[in-house]
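Q: Walk me through this one, please. Start with whatever terms I need.

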Amino acid sequence: VSGEARNIAALSLNGRTIFTDEQGRFAEPLVLENGYTIMTVRAEDRYGRETVLSRSLVYRPISSPNL
């Protein structure tokens, strides 16, 4: 998962703190289980205001008949 966050004091992905560079960019690996997963990104500014973004993901591994 990657993106850019501006004017934040704290950022997390599924409850795990993630960090930004000087320009506010971040990139964090997200391990997907087979099936349904919810990804939640939380950002908080220095005044304690919070924004939450949740996305539902479905992971289905590609099976090859040659394997």
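A: Two strands are called paired if DSSP finds at least two bridges between them. Strands are DSSP runs of E with at least two residues, and they are numbered from the N terminus. Residues are numbered from 1 along each chain as its sequence is written. The model is predicted, so local features need pLDDT of at least 70, side-chain atom pairs count only at pLDDT 80 or more, totals for chains, interfaces and linings use all residues, and side-chain values use heavy atoms, with hydrogens and water left out.

Q: OK. In what order do the strands form the sheet?
A: The order is β3-β2-β5-β6, an open sheet of 4 strands with antiparallel pairing. β3 (16–17) and β6 (50–59) are at the edges; each has a single partner strand, so one side of each has no neighbour in the sheet.

Q: How many bridges join β5 to β6?
A: 10 bridges, with the two strands antiparallel. Within that pairing, Thr 37 is opposite Leu 57 in β6, and Gly 35 is opposite Tyr 59.

Q: How many residues lie between β5 and β6 in the hairpin?
A: There are 5 residues between them, and Gly 48 in the turn has a positive phi of about 90°.

Q: And β2, over how many bridges does it pair with β5?
A: β2 and β5 pair over 4 bridges, again in the antiparallel sense. Leu 11 stands opposite Ala 43 of β5 there. On to β3: 2 bridges join it to β2 (residues 10–13), also antiparallel, and Ser 12 has Thr 17 as its bridge partner.

Q: What's in the turn of the β2 and β3 hairpin?
A: That hairpin has 2 residues between its strands, and one of the turn residues is Asn 14, with a positive phi of about 50°. Asn 14 is not a glycine. Asn 14 is partly exposed, because its relative accessible area is 38% (buried is under 20%, exposed over 50%, partly exposed in between, with a 1.4 Å probe and protein chains only).

Q: Switching topic. Which residues make up the largest nonpolar core?
A: Its 8 residues are Ala 5, Leu 11, Leu 13, Ile 18, Phe 26, Met 39, Val 41 and Ala 43. β5 gives the most to this core, 3 residues, and β2 and β5 each supply at least two. A nonpolar core here is a set of buried Ala, Val, Leu, Ile, Met, Phe, Trp, Tyr and Cys residues joined through side-chain atoms within 4.5 Å. In soluble globular proteins, nonpolar side chains tend to be buried together.

Q: What is Val 41 in contact with?
A: Leaving aside neighbours within four places in sequence, Val 41 is in contact with Leu 11, Ser 12, Leu 13, Thr 51, Val 52 and Leu 53. Contact means heavy atoms within 4.5 Å.

Q: And Thr 40, buried or exposed?
A: Thr 40, in strand β5 (residues 35–44), is buried, since its relative accessible area is 17%.

Q: Which side chain does the Thr 40 side chain make a polar contact with?
A: The side chain of Ser 54, at 3.1 Å. A polar contact is a pair of N or O atoms within 3.5 Å; within protein, one must be able to donate a hydrogen and the other to accept it, and residues adjacent in sequence count only if both atoms are side-chain atoms. Beyond four places in sequence, Thr 40 is in contact with Ser 12, Leu 13, Asn 14, Val 52, Leu 53 and Ser 54.

Q: Last one, Arg 16. Where is its place?
A: In strand β3. Arg 16 is partly exposed, with a relative accessible area of 40%. A polar atom of the Arg 16 side chain lies 3.4 Å from the backbone oxygen of Pro 29. Leaving aside neighbours within four places, Arg 16 is in contact with Leu 11, Glu 28 and Pro 29.

Q: How far apart are Arg 16 and Thr 37 in space?
A: 16 Å, C-alpha to C-alpha, and 21 residues in sequence.
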